[in-house]
Amino acid sequence: MAGERFVVLGLAPARANWFRSVGAWANSGALPAEFVKCLSAEEVGARLASGRPFSALVADASLPVVDRDLLSRAAAAGCAVLVVDDRRVSRDWAALGVARVLPADFGRDDLLHALTSHARVVQRSHARADDLAGRAVPTGWRGTVVAVTGPGGTGASTAAMALAQAMGDDVRQAGMVVLADLRLHAELAMLHDVGDLGPGVQELVEAHRAGLPAADEVRGLLTEPPGRPYQLLLGLRRARHWATLRPQAFVAAFDSLERTFRVVVCDVDPDVEGEDDGGSLDVEERHVMARTAAERAQVVVVVGLPTMKGLHAMVRVFDGLLGFGVAPDRLLPVVNRAPRSGRSRASLAAALAELCEPVVMAAGGLGLPSPLFLPERRLEEPMRDATRLPSALGHPLAGAVRAVVDRAAQPATDETVPEPVRPGSLGHWTAEAAGS
């Protein structure tokens with residue numbers, strides 16, 4: 001172990017007894033460790049992002065910032081997470097990924113044993129930052145996720161409502177359908193006339209910051225719109241409240257929705273810009289809802305209008321989604337308020353295919369599927385009275401979504417592989433056939 005030691009990050013109130021004790025053990029050489037004291041979660045995040053390898057994070061359980069996001073960042077950086085719990089806060093630390101829970105009066109041997117069992121040692125002169133551990137890929141049963149998006153004013157939220165209604169009417173789904181309002185400017189509470197004072201996405205994410213609620217608790221945070229065959233997750237009360245959504249906690253909350261319902265229909269914004277696009281982490285966190293839904297969705301429905309500007313806006317949305325990594329065969333274009341003339345629809349489909357061809361080819365696809373055309377419907381009255389939407393609006397959408405899901409579930413067929421041919425084995429032209 002020559003030249004090696006543990007590099008330990010500590011997060012606690014400055015006057016915590018164990019904080020001072022660990023520092024004293026490290027400074028005196030009683031503990032083969034370098035102890036880096038941090039007084040805030042931001043300081044811990046900056047240390048983890050610096051590229052320097054750390055062995056473990058020892059955090060005080062009494063701090064509210066010790067949540068799923070902080071622990072996930074530490075785990076992603078290859079740190080074992082140890083929590084000092086004085087039993088004043090009751091949390092399921094094992095479910096949050098904590099390797100060991102230490103009592104408030106732990107001793108040097110307790111900490112050394114925990115570090116030896118769960119943490120790695122770091123060499124003084126050969127420390128590397130490229131051996132970071134990746135996050136575990138979630139496994140287990142999950143429902144079908146459908147993301148519905150589109151530029152403003154195209155009827156994307158209405159299409160999401162119609163799709164959720166059609167899916168809820170399907171007896172095969174057993175009523176386990178949820179419509180999630182994941183737009184920054186949420187409007188589904190207004191469109192369902194249920195108000196926005198009940199629990200919504202903020203409460204659901206907050207419940208996942210330091211725990212993993214059961215399915216009944218998740219359902220308790222949803223709203224049941226009168227006369228609708230699905231449950232509704234209300235969105236943000238104000239667009240500026242996106243800052244309260246911690247990314248890892250939101251991912252955990254989204255995962256709970258997938259595990260609780262057979263179908264999750266998400267009404268999301270079309271903007272999925274991230275840090276790699278604009279260099280801003282804040283922008284990426286602002287779009288965490290749309291990015292998570294687009295990443296997890298088996299089908300991404302893009303709604304547009306049958307106008308020149310409408311097609312241009314659709315191409316821009318497709319460009320963003322394909323650049324984000326959505327596979328072309330998961331995209332479903334929908335032209336809302338489409339003309340009834342077959343000739344006009346054929347022209348729209350041809351124009352959309354031609355405009356999207358460069359971005360689809362750049363993403364490795366062969367082309368977009370033919371768009372689904374939704375004719376103009378009189379929706380003002382059912383919207384004003386908060387009643388069911390016409391079935392003729394949602395059933396075609398549900399059928400198209402099921403077709404995309406079924407096509408993706410089909411096993412890949414074996415491609416024809418060229419076989420070597422021995423010269424002369426294919427025969428030869430006769431003189432009569434050759435015309436000589």
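Guide: A helix axis is here a line fitted to C-alpha atoms over the stretch in contact, and the angle between two axes runs from 0 to 180 degrees between N-to-C directions. The model to which this is applied is a predicted one.

Visitor: Why are α5 and α16 called roughly perpendicular to each other?

Guide: Helix α5 and helix α16 (residues 391-409) pack at an angle of about 75°, and their axes are 8 Å apart. Angles of 65 to 115 degrees count as roughly perpendicular, and α5 and α16 are therefore placed in that class.

Visitor: How do you know that α5 and α16 meet, and which residues are involved?

Guide: Contact requires heavy atoms within 4.5 Å. On the α5 side T158, A159, A162, L163, A166 and M167 take part, and they meet L393, G394, H395, L397, A398, V401 and R402 of α16. The residues of this contact comprise 9 nonpolar, 3 polar and 1 charged.

Visitor: Q165 is also in α5. What makes Q165 count as buried or exposed?

Guide: The relative accessibility of Q165 is 3%. Buried means under 20%, so Q165 counts as buried. Beyond the residues up to four places away in sequence, Q165 touches P229, Y230, R388 and L389.

Visitor: Which residues of α3 are buried, and against which elements do they pack?

Guide: The buried residues of α3 are R68, D69, L70, L71, S72 and A74. They pack against β1 (4-11), α2 (41-48), β3, β4 (80-85) and α9 (247-260). After α3 comes G78, with a positive phi near 85°.

Visitor: What makes V272, a loop residue, count as buried or exposed?

Guide: V272 is placed in the loop between β10 (263-268) and α10 (275-278). Its relative accessibility is 7%. The limit for buried is under 20%, so V272 counts as buried. Apart from neighbours within four places in sequence, V272 is in contact with D277, H287, A290, R291, G320, L321 and F324. V272 and A290 are 18 residues apart in sequence, and 6.1 Å apart from C-alpha to C-alpha.

Visitor: What share of the whole chain counts as buried, and how many helices and strands are there?

Guide: Of the 436 residues of the protein chain, 47% count as buried. The chain has 17 helices and 13 strands. Among contacts with a separation of 6 or more, 75% join residues 24 or more positions apart.

Definitions and conventions: Residues numbered from 1 in each chain as written. Predicted model: local features only at pLDDT ≥ 70, side-chain atom pairs only at ≥ 80, totals over all residues. Heavy atoms only, no water. Helix = DSSP H or I, 4+ residues; strand = E, 2+ residues; numbered from the N terminus. Parallel < 35°, antiparallel > 145°, perpendicular 65-115°, else oblique. Nonpolar A, V, L, I, M, F, W, Y, C, P; charged D, E, K, R; others polar. Buried < 20%, exposed > 50% of the residue type's maximum accessible area, 1.4 Å probe, protein only.
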